[in-house]
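This report is for a reader meeting the structure for the first time.

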Amino acid sequence: MSSGSRPTARLGYVAVSSAGSPIPGSDGDPAASAPRASEAVGAAVIVGRDSELARLGVLRDAAFAGQAGTALIGGEAGVGKTSLTNAFVTSTRQADPSVLVLRGECVPLGGEGLPYAPVVGLLHDLAGQLGENELLELAGAGAAELRWLIPEFGAPAEPVDGTRPENRLRLFETISRLFTEAARRAPLIIVVEDLHWADDSSRHLIEFLIRSITDVPVLIMISYRTDELTRRHPLRPFLAEIGRVPSVHRLEIGPLDDAAVEQLISLTCHPDDQQPGLIKRLAMASGIPFFVIELIRASGAGGDVPETLRDTLLLRISRVGDECQRLLRLMAVGGIRVEHNLIAAVWAEPEDRLEQILRQATEANLLVPDKSGYAFRHALMREVLHDDLLPGELTRMHRAYATALEADPGLAPASVRAVQLAHHWYAARNNQAAFRWSVKAARLQHYGYAEALRHYERALELWEVVRDPESEAGPLPEFLDEAADVAGAAGQGERAVAMLNEALRIAGPGATPEATALRLARKARMMLNLVQPGVLELVEEAVSLVRSDEPTRFRARLLDYHAMIRLLLDKPGAINAARSAIAAAQAIGDKDIESSARNTLGCALATLGIDVEEGLSELRTAGRIAVTDRQRVRYYINLSDTLTLLGHYAEAARTAAEGQAFAAEVGLYGLSGVVMLSGNAAEAAIALGDWGRARAMVEDALRTDPTGNQWIHQRRLLATITLWMDDDADAVDAILEDLQRFTQIAINGPQYHAGISAVRAELALSRNQPDLAWDIVRSTVESLPWREPGYDLSFIGVAALAYGRHPQRPAAWREWLVDEIRNLPDLPVADQYLPFITAELGSTVDDWRQAIETMTEARTPPHLIAYAHLRQAQLEAAAGLAEDSRRSVGRGRALARKLGLRLVLRWLDGLSSAADDRGVAADSSPLAALTTREREVLSLVADGLSNRQIGDRLVISAKTASVHVSNILAKLDVGSRGEAAARFRSVGP
């Protein structure tokens, strides 16, 4: 363990002998006392885990080489997960003392996990390593959130609004950045124990860390109990989801075999203590190391071995005095670990007497002390004690904890204290107090949305059985509003909608129009996130309720939101809606609302082609007058997207990059807008020909696990990249299947429907199905409720591809294409696509030569230029211009290889192979039987490259390269790569 780490409560198989000293093989504390000389086998010794340790070593070596990874260590209670982890960490630090180790444990609290409990432990350890001041300095703009999470770091300079999801995302990004920076200084191991007890917020943060920490030497080790995972346990979906991340590896720890149990007994039990037939009597332990050790301990005093582990543990506990047993039972009610000050307040007896009893418990190896409290040596021991309590005894003890916490606010930070009081009063059956503290806990869990929601729901459960609930919580409809907001932030959108519906019902017609309008708008927002229909109708109903003759901030914000929804679902209607919002914002002098409305207006004017210059002017004005960071990020999102749709790709890329830098500067690292900016930057990169960079940005964005439209955007881009770069139709099919339910225009607007449909059509073309591609394009275009040049031209371009690849080139298709391009506006994006489309309509060699020249000057996306070389080569070959066709294929292949587009290379290979087959008879060279691609492969074989290296050089798979090599050997009638290389060198290319 690193020098700055907190002591941990459980440190491996270090058993206690019958004489009371620790001996290798149990979960005790090796520092508690020294073993007898004959027993001193070594504190880090464990048995039967060589293969698991070896596998962890492989994961560590890969992680420390810069490929961060995660080990999920599962096993039933007592099987030795902690011992394995500690032995591995110890050996790692012995080999390299510079390795940093951070530890965090999940804390159960009656089913209400404390938000971020394991993460707080990790951050305390990191502060111990770096120093608190340096930690806060590294946190940058996220220091306020960090101070909120850990009050010991000091109060934030300004109040933190923990109700906004982007602030929680900033907290997540801040913690991720802290661990990344620490790993850049020294290799880092992050240990999180007992994930089965984790709260939802901790699971979300841990998942975020796993996805976001990459390319640094970090190994994350997470343990959990498999026997705790009931069918509905919340850890199950987490494990299923995170298990799909390539850097995550599952490691299941099973029971020890008989030989390992014998070895454990020989290491654990002093020869004088061994009893005849002990191994046979320990069969009931089922190979679980903790059970073995406890049964040995129980047998050490003589007599029979108890029949169950429960009886074994209770027998161990019974060997201490009555007062110590009573204290242990009381501590079991407090949890796995209890602070000294808290148990002192609950015990309510003289301090010196308490310390004597605690020393007795620690010397009996039942409790393990750390710097400020005490933990049970194993969670099973706490569970047995808790389960053995009588109902009345349990109620009384919970009341004692609640009374002590009520009396002394200094016993725990405010948010933790509120959670504990809500839990203990509820368990003590004091509904009035439980309600009061549930309300307080709900309102204090700023970043623990799922945990706050549980407290809101408990308060709602108790609403009807307590006196005067509104004196504590306020009016029920407004409390439901609060709960709905938290439910939405927790990802429980459907629950939020149900709460808002209940609030609307209870408030009824007696509610003020503004209150009803606000609830309708909130409901619309939730339904939009859930991808449900009826959003625009709800917003319009909300707008209709608010008087237009009263300029208020609420009305201005509502009109602005109405315009934003129209931008997505009814873009032409967004223009007037945005102008109304601008007027309302100006009437109250709110520049931020005005910025948002001008942003919406600018997008609509420019992308619809109504007035591009005015639209861009409105967008830039929006950026200039924006007040909040959030609004400025929205300006970068919409301006970069608009510039891409207009064909200004380089400027779009610069704008998106500037937006990403701004978001990082102000600490909005994980805001969904930043994910959108990554997507916008990737789209610009594709149009500029930088496909590799586009892929890296999309994959990085997807690691943050975006939701809603952000997820749709990134997955659609990934499908495009996978199709053109990998030529992997099956992978694209899988992505499109995920996206299929998001193609409903009425729910999430035409832009996602159009983008997904375009990929479907391109996929059909990759499979040589031009009829299907044409049908997809036509049906999509006819379904669009309005037309936009940026989207229209990309669709018409796909239709032109289908027309050119169809053997009959149907006349009806040609007429449709001509009609579509007849009235296109004069925009840069039209200049880029029209030469390509008109050349496809003309289909002569000269048409394509001119088109390539014009497309190059207009900076058309390079992948279309590479395809244009293919079309020119096809027509040249058909005209008998074999040498010209070969040169065109070469130019297309060079460009496609530079871009990394396997799809275009496959098409070009098919053309060159056909042409070479026609020319074989006229070629008397010894290499005449080889196609152009096979000659390329042979030249690389002659250079000594392996199949994998050839694949990387030619942007093909190693398997394809191997097939080419086999064909070459057969055609040249040689038996080895060396002979083929010699043949090539003797003749030349």
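## Salt bridges

The model is predicted. It holds 54 salt bridges.

| Pair | Closest N and O atoms |
|---|---|
| Glu 207 and Arg 211 | 3.1 Å |
| Arg 337 and Asp 370 | 2.7 Å |
| Arg 849 and Asp 846 | 3.8 Å |

Take the pair in helix H7 (residues 200-212). Glu 207 and Arg 211 are four residues apart there, so about one helical turn separates them. Both Glu 207 and Arg 211 are buried.

Next comes the pair of Arg 337 and Asp 370, which form a salt bridge. Which parts does this pair tie together? Arg 337 belongs to strand S8 (residues 337-339). Asp 370 sits in the loop between strand S9 (367-369) and strand S10 (373-376). The pair therefore ties together parts that are 33 residues apart in sequence. Arg 337 has a relative accessible area of 32%, so Arg 337 counts as partly exposed. Asp 370 is partly exposed too, because its relative accessibility is 23%.

Is Asp 846 buried or exposed? Asp 846 is exposed, with a relative accessible area of 53%. Arg 849 is partly exposed, at 36%.

Salt bridges also join into a network. Asp 481, Asp 485, Arg 519, Arg 522 and Arg 525 are linked in this way.

## The sheet and its helices

Strands S8, S9 and S10 form an open sheet. What is the order of the strands? The order is S8-S10-S9, and the pairing is antiparallel. S8 and S9 stand at the edges with a single partner strand each, so one side of each has no neighbour in the sheet. Neighbouring strands are turned by 25° against each other on average, direction ignored.

S9 and S10 pair in the antiparallel sense over three bridges. Leu 367 has Phe 376 in S10 as its bridge partner.

Helix H13 (residues 322-334) packs on the sheet and touches S8, S9 and S10. The direction of H13 makes about 90° with that of S10. Helix H15 (residues 351-363) also packs on the sheet, touching S9 and S10. The direction of H15 makes about 110° with that of S9.

Methods. Residues numbered from 1 in each chain as written. Predicted model: local features only at pLDDT ≥ 70, side-chain atom pairs only at ≥ 80, totals over all residues. Heavy atoms only, no water. Salt bridge = Lys/Arg side-chain N within 4 Å of Asp/Glu carboxyl O. Helix = DSSP H or I, 4+ residues; strand = E, 2+ residues; numbered from the N terminus. Buried < 20%, exposed > 50% of the residue type's maximum accessible area, 1.4 Å probe, protein only. Pairing = 2+ DSSP bridges. Axes fitted to C-alpha atoms, helices over the stretch in contact; angles between N-to-C directions. Contact = heavy atoms within 4.5 Å.
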